[in-house]
Amino acid sequence: MYKPAIPNELLDFADTIKTFVKKECEPIDDLIEEQGKIPEDMVQKIREFGLFGMTIPEQYGGLGIGAMGYCLVAKALSWGHGAFRSLIAVNNGIGSQALLVAGNEEQKKKYLPDIAGGKKITSFCLTEPGAGSDAAAMATTAVKDGKYWVINGLKHFITNAPIADIYTVLALTDKEKRAKGGITAFIVEKGTPGLKIGQLHNHMGSKAAIQSEVIFDNCRIPEENVIGKVGEGFRIAMKTLDIGRLTLAASCIGYAEKLLKMGSDYAKTRVQFEKPIAKFQAIQWMLADCATEIYAANSMLTDACLRYDGGERSPALASMTKLYASEMACRVADRVLQIHGGMGYMVETKVERYYRDLRLYRIVEGTSEIQRLVISRSVLKDEIEF
Ligand SMILES: Cc1cc2nc3c(=O)[nH]c(=O)nc-3n(C[C@H](O)[C@H](O)[C@H](O)COP(=O)(O)OP(=O)(O)OC[C@H]3O[C@@H](n4cnc5c(N)ncnc54)[C@H](O)[C@@H]3O)c2cc1C
């Protein structure tokens, strides 16, 4: 099949993952949902494919397949349980990107190979109870004490926190400057005295993903654990989000494709008024709208990824793609649920699970409203090149 400008080796790799998902992941979908986690032998297979380190360059043990390669794999994985995405997303995204963007050579060599190999799990601690969309309003502080920094504060909704080995932590080092030079990024390792796990929240979907509070209680970390320069943390944090937003969009597209297939299969077999409901124009139009929007999102994603891998760093493109794909996927889930009628509301068809799981994507790594804020800033500065 013709795919514009996407390197063949990436398409081949994505095909290998698609086959793996179909043969090995889809059959254990219910088991994962029941147990709330992926069986260890499957985690090992994911490690062997190198999927924990797709965005990490080969010199640090990763696959280095860029945003396009990662997004093709993320789409393929979305045909399996959502837990697969959760498993690899943080190591490939917010958990490793600060090190990649601003870490020194020593830090990269020390941490990245284990992150890429899935031997160490990462988490990214930005959000706080009082600082969500307005991340710069954070209250967590880091104060210099000789050759150490002492961190105090509370982060919440932190994905992977209870199982993480390496935490990227954003803390205030200058209360006056805040986003403009007053926030610093740190690496905190598991087991550091003063690092504690707080409350775990139950959530409506993505049950196999785990997140919790992280408490820093006089947590002392050596000065060599600063990522980049003191005061650069906010800029680093914002830079780490671009690739995460593209891959969130890719997952949404993968889920939407799977939902469309479920909707179309059901419409062909469900008979009412003596004919398959696929014969009714109302149903056909819902399927057509889903397909059209998936195509639009996919085209945006391909363009944004190819530009990203080509060196163009545009937060607006990443935000537009994430905004459109996440809202699109929720519309697709809603229509496909409607096509299933009452069965769509029942747990066994799994449509309701996608409906719940997908709702997260309009919130996480920046809500839809915040994506619009990022996009409109670029519009007003005449920065967007279509
Ligand atoms: C399951 C899950 C996992 C997460 N994982 C992580 C993680 O690993 N690390 C991490 O740091 N964070 C994580 N988060 C946090 C996530 O990024 C935040 O929830 C998100 O950024 C929104 O912040 P908030 O929840 O505080 O909402 P709020 O900021 O309180 O927003 C509430 C509402 O107000 C709107 N709003 C806020 N400001 C504006 C504005 N200026 N203009 C218009 N509307 C506005 C929002 O769009 C939203 O609708 C996770 C969240 C969830 C739910």
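**Buried cysteines and a helix**

Modeller: Cys125 has 0% relative accessibility, so Cys125 counts as buried (under 20% relative accessible area; over 50% is exposed and in between is partly exposed, with a 1.4 Å probe and protein chains only). This is a predicted model, where local features need pLDDT of at least 70, side-chain atom pairs count only at pLDDT 80 or more, and totals for chains, interfaces and linings use all residues. Residues are numbered from 1 along each chain as its sequence is written, and side-chain values use heavy atoms, leaving out hydrogens and water.

Biologist: How many disulfides are there?

Modeller: A disulfide is a pair of cysteine sulfur atoms within 2.5 Å. For Cys125, the nearest cysteine sulfur is that of Cys219, 10 Å away. For Cys290, the nearest is that of Cys330, 12 Å away. The count by this rule is 0.

Biologist: Is Cys290 buried or exposed?

Modeller: The relative accessible area of Cys290 is 0%. Cys290 is therefore buried.

Biologist: How many of the 12 residues of α4 are buried?

Modeller: Helices are DSSP runs (H or I, at least four residues), numbered from the N terminus. The buried residues of α4 include Ala67, Tyr70, Cys71 and Lys75. Helix α4 is largely enclosed by the rest of the structure, because the buried residues number 11 of the 12.

Biologist: Is Trp285 buried or exposed?

Modeller: Trp285 lies in helix α9. Its relative accessibility is 54%, so Trp285 counts as exposed.

Key
Helices (H or I, at least four residues) and strands (E, at least two) are DSSP runs, numbered from the N terminus.
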